[in-house]
Amino acid sequence: MESRTFYNEILIDHNQHPGHKHELEGANLVLEGVNPSCGDDIFLHLKVENDTIVDGSFVGDGCAISQASADMMLDLIIGKSTEEAKRLADIFKRMIHGEITEEELEELEEAGALQDISHMPARVKCAMLGWRTMNELLADEEDE
């Protein structure tokens with residue numbers, strides 16, 4: 001029970017004090033992500049140079065889970081290669097579906113706090129919004 005309280009504190013902190021919720025000057029990749037089932041809506045901004053995510057932010061509205069998850073994702077992917085960011089997104093998705101190892105969970109750092117979302121099917125799309133948007137944004141960049 002103690003760890004669940006700790007994870008709730010992480011979620012609340014990222015929702016109430018997001019470090020990456022702002023416009024981003026110089027972003028060269030921007031994409032809107034929408035969760036039509038609940039109305040969560042974010043614009044993800046990434047600054048990518050030489051296949052490295054050098055900065056990122058998001059703006060928009062949504063539930064605590066979607067906002068905190070997007071903020072945690074940005075904490076994790078800034079400074080990483082686009083390939084590493086996509087790999088982490090895959091790990092996050094598998095975590096939400098209850099299909100990861102303990103080592104993979106550790107790689108997600110604070111984003112691992114959302115592991116219990118797998119027991120709340122209605123909230124899975126909320127937790128995945130930022131990650132799905134990032135994957136689409138990086139896939140669109142590859143296609144160009």
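Let me begin at one turn: in the hairpin of β2 and β3, which has two residues between the strands, N50 takes a positive phi near 50 degrees. What we have here is a predicted model, in which local features need pLDDT of at least 70 and side-chain atom pairs count only at pLDDT 80 or more, while totals for chains, interfaces and linings use all residues. Residues are numbered from 1 along each chain as its sequence is written, and side-chain values use heavy atoms, with hydrogens and water left out. When I say helix or strand, I mean DSSP runs numbered from the N terminus, with H or I over at least four residues for helices and E over at least two for strands.

Three strands form an open sheet in the order β1-β2-β3, with antiparallel pairing, and two strands are said to pair if DSSP finds at least two bridges between them. As a reminder, strands of a sheet pair through backbone hydrogen bonds, either parallel or antiparallel. The edges are β1 (29-35) and β3 (52-61), each of which pairs on one side only, and the twist from one strand to the next averages 20 degrees.

Taking the pairs in turn, β1 and strand β2 (residues 40-49) are joined in the antiparallel sense over seven bridges; E32 has F43 in β2 as its bridge partner, and V34 stands opposite D41 in β2. These two strands also form a hairpin, with four residues between them, and G39 in that turn has a positive phi of about 95 degrees. Between β2 and β3, which run antiparallel, there are nine bridges, and L46 has G56 in β3 as its bridge partner.

Which residues of β1 lie on its covered face, and which on its uncovered one? The covered face holds L29, L31, G33 and N35, and the uncovered face holds V30, E32 and V34. In a regular strand the side chains alternate between the two faces of the sheet. N35 has a relative accessible area of 2%, so it counts as buried, where buried means under 20%, exposed over 50% and partly exposed in between, with a 1.4 Å probe and protein chains only. Leaving aside neighbours within four places in sequence, N35 is in contact (heavy atoms within 4.5 Å) with D40, K125, C126 and L129.

That brings us to helix α5, which lies across β1, β2 and β3 and runs at about 145 degrees to β1; axes are lines fitted to C-alpha atoms, for helices over the stretch in contact, and angles run from 0 to 180 degrees between N-to-C directions. D140 is found in α5, and because its relative accessibility is 38%, D140 counts as partly exposed. The C-alpha atoms of D140 and L31 are separated by 9.6 Å, although the two residues are 109 apart along the chain.

Finally, how do α3 and α5 meet, and at what angle do their axes cross? The axes of helix α3 (residues 82-96) and helix α5 (residues 124-143) come within 10 Å and cross at roughly 150 degrees. Therefore α3 is roughly antiparallel to α5, since angles under 35 degrees count as roughly parallel, over 145 as roughly antiparallel, 65 to 115 as roughly perpendicular and the rest as oblique. Residues making the contact include L88 and F92 of α3 and W131 and L138 of α5.
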